[in-house]
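Biologist: I am new to this structure and would like to know what stands behind the terms used for it. Could we go through them one at a time?

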Amino acid sequence: MNLIEELRWRGMLHDFMPGTEEQLASGMTTGYIGFDPTAHSLHIGNLATIMLLVHLQRAGHKPIALVGGATGMIGDPSFKASERSMLSEETLQFNQAGIQKQLEKFLDFDCGANSAEVVNNYDWMKDFSFLGFLREVGKHLTVNYMIKKDAVQKRLNVSEEGEGRAEGISFTEFSYQLLQGYDFYHLYKHKNVLLQMGASDQWGNITTGTELIRRIDGGKAFALVGKLVTKSDGTKFGKSEGGNVWLDPNLTSPYQFYQFWLNLADDEAKKLIKVYTLLPQEEIEGLISQHDEAPHLRTLQKALAKEVTTRVHSAEDYMAAVEASEILFGKGDINALKKLSEDLLLTVFEGVPLVSVSRSDFESAATVPDLLADATQQQVFESKGEAKRMIQNGGVNINRQKVSLFDAGNGFELLHNKYLVVQKGKKNYYLLAVTE
RNA sequence: GGGGAGAUUCCAGAGUGGCCAAAUGGGACGGACUGUAACUCCGUUAGAGUAAUCUUUCGAAGGUUCGAAUCCUUCUCUCCCCA
């Protein structure tokens, strides 16, 4: 199966330029995708794009991941309603290092001719003078061309519905597409890159690149964009209650990461298992029909969670997440908790907020609200009233036992003479540690 | 420059002197149900208190009144229409 067919059945293909398929068929083609260092970690939205590179490589082509050290300094205006705030150079450098490391996890850098590469556009942009850039690059495209891009229209026009007015676009952000276009040209020139991929919102920026290659060099380069992953209700995908789902285990713990996939709605799991795993078509179809027969078993979510957690983190992290989930959502009661060694307890509750309470505060807290609001310095509950209300609603568990009276004293048994497992609602856990 | 409208608790939006911590809807959170789901239903949604009740809150600051989100004054900001 060639790349296009592969992406098509997976539902990942949005559009590509005429001739792309022929180019890919003609032999090993080098393609790249850029990632701007807007944060020090990539999130699962980026991961969908990374999968494009993975598929490119699996189809026998050569993938290049570009870290946008230069473009990140500018900010991509595509389809954004407002001007973005600029990141400081220290932040950018920190972010670049972070995402470069992550990118390296997903591609094969040692498989002969089509080994992956990572490049940073800062390396070739840093020495460009402003005048040089205007003369060598800017001259080749008209503002008329650049302004026509859908991606910038949002910032130029007052919408007809009157639902807001254009905020305007700075010259800086307007220039973004030129930078990205030049990247493509540079890679075309120096690394024989003929294809740029990306999410569908990058179409405009990518075609600026192919246009630049055509005008400067008379060359022919290609574009292929993937579908933007959205939730079935059309809202942004990749956000959980806690915000973005990051690939960095310090931002989103492997347990939380695993839980995110496990909790997907059925329809989403069906869609996403094709995007985020490399399982072959027959296997996925099998899983889907298996799932439909007994949806409550959530075969799909489990398979998806396993694949992605293992790929992004590790097999060990996956196992630990499964184990933690069983303890937290299984029948585990206080006895199950008591059986855990201190190490295992901490492992299970890794990623769960750890709340320290001094021994004296712990002992002087007369009631549960005192303990969970005051003694924890509002880390579990904002106020005693809130704690009380939730207890009255039956929403508080300590050591997996429901707290039924809000004025009950705190005669709880500390695990390992130190810990208390506090549950606020079903899914919000806190590990209370009594410190001396 | 001229004329008009408005600013309310997370959001939208009622409330025009006491019955207002403030209707209603949304969101969020909790509970029941369930598949750690969806749907549905129920509850909570300023702080303190077991409670009675008290404290802070309706753009800001003053004032009138026994009593103000509601009346008056000034200020700040927003929106609309006409030039």
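Modeller: A polar contact is a pair of N or O atoms within 3.5 Å, where one must be able to donate a hydrogen and the other to accept it. By that rule, 10 residue pairs are in polar contact across the interface of domain 1 and domain 2, both residues of each pair being at pLDDT 80 or more. The pLDDT limit applies since this is a predicted model.

Biologist: Where do domain 1 and domain 2 lie in chain A?

Modeller: The domain assignment puts domain 1 at 3-226 and domain 2 at 239-329, with domain 3 at 345-435. The centres of domain 1 and domain 2, taken over C-alpha atoms, are 29 Å apart.

Biologist: What makes residues of domain 1 and domain 2 part of the contact?

Modeller: Contact requires heavy atoms within 4.5 Å. In this model 19 residues from domain 1 and 23 residues from domain 2 take part.

Biologist: How many salt bridges does the rule find across that interface?

Modeller: It finds 0 between domain 1 and domain 2. Charged residues do occur there: the side of domain 1 that touches domain 2 has 3 charged, 6 polar and 10 nonpolar residues. The largest share of that side, 8 residues, comes from α3.

Biologist: How much area do domain 1 and domain 2 bury between them?

Modeller: About 1,800 Å², of which 68% is on carbon and sulfur atoms. W9, R10 and I44 supply 35% of what domain 1 buries against domain 2, more than any other three residues.

Biologist: Why is the pair E117 and K62 called a salt bridge?

Modeller: The rule asks for a side-chain nitrogen of Lys or Arg within 4 Å of a carboxyl oxygen of Asp or Glu. The side chains of E117 and K62 meet at 3.2 Å, N to O, and 3.2 Å is within the 4 Å limit, so the pair qualifies. The whole structure has 11 salt bridges.

Biologist: Why are β9 and β11 said to stand at the edges of their sheet?

Modeller: The open sheet has 5 strands in the order β9-β13-β12-β10-β11, with mixed pairing. β9 and β11 each have a single partner strand, so one side of each is left without a neighbour in the sheet.

Biologist: How do you know that β10 and β11 pair?

Modeller: Pairing needs at least two bridges. β10 and β11 have 2, in the antiparallel sense, so they meet the rule. N397 stands opposite K402 in β11.

Terms used:
Residues are numbered from 1 along each chain as its sequence is written. Chains are lettered from A and ligands numbered from 1 in the order in which they are written. This is a predicted model: local features need pLDDT of at least 70, side-chain atom pairs count only at pLDDT 80 or more; totals for chains, interfaces and linings use all residues. Side-chain values use heavy atoms; hydrogens and water are left out. Domain bounds come from an automatic or database domain assignment. Buried area is the accessible area (1.4 Å probe) that two parts lose on being put together, summed over both. A polar contact is a pair of N or O atoms within 3.5 Å; within protein, one must be able to donate a hydrogen and the other to accept it, and residues adjacent in sequence count only if both atoms are side-chain atoms. Helices (H or I, at least four residues) and strands (E, at least two) are DSSP runs, numbered from the N terminus. Ala, Val, Leu, Ile, Met, Phe, Trp, Tyr, Cys and Pro count as nonpolar, Asp, Glu, Lys and Arg as charged, and the others, Gly among them, as polar.
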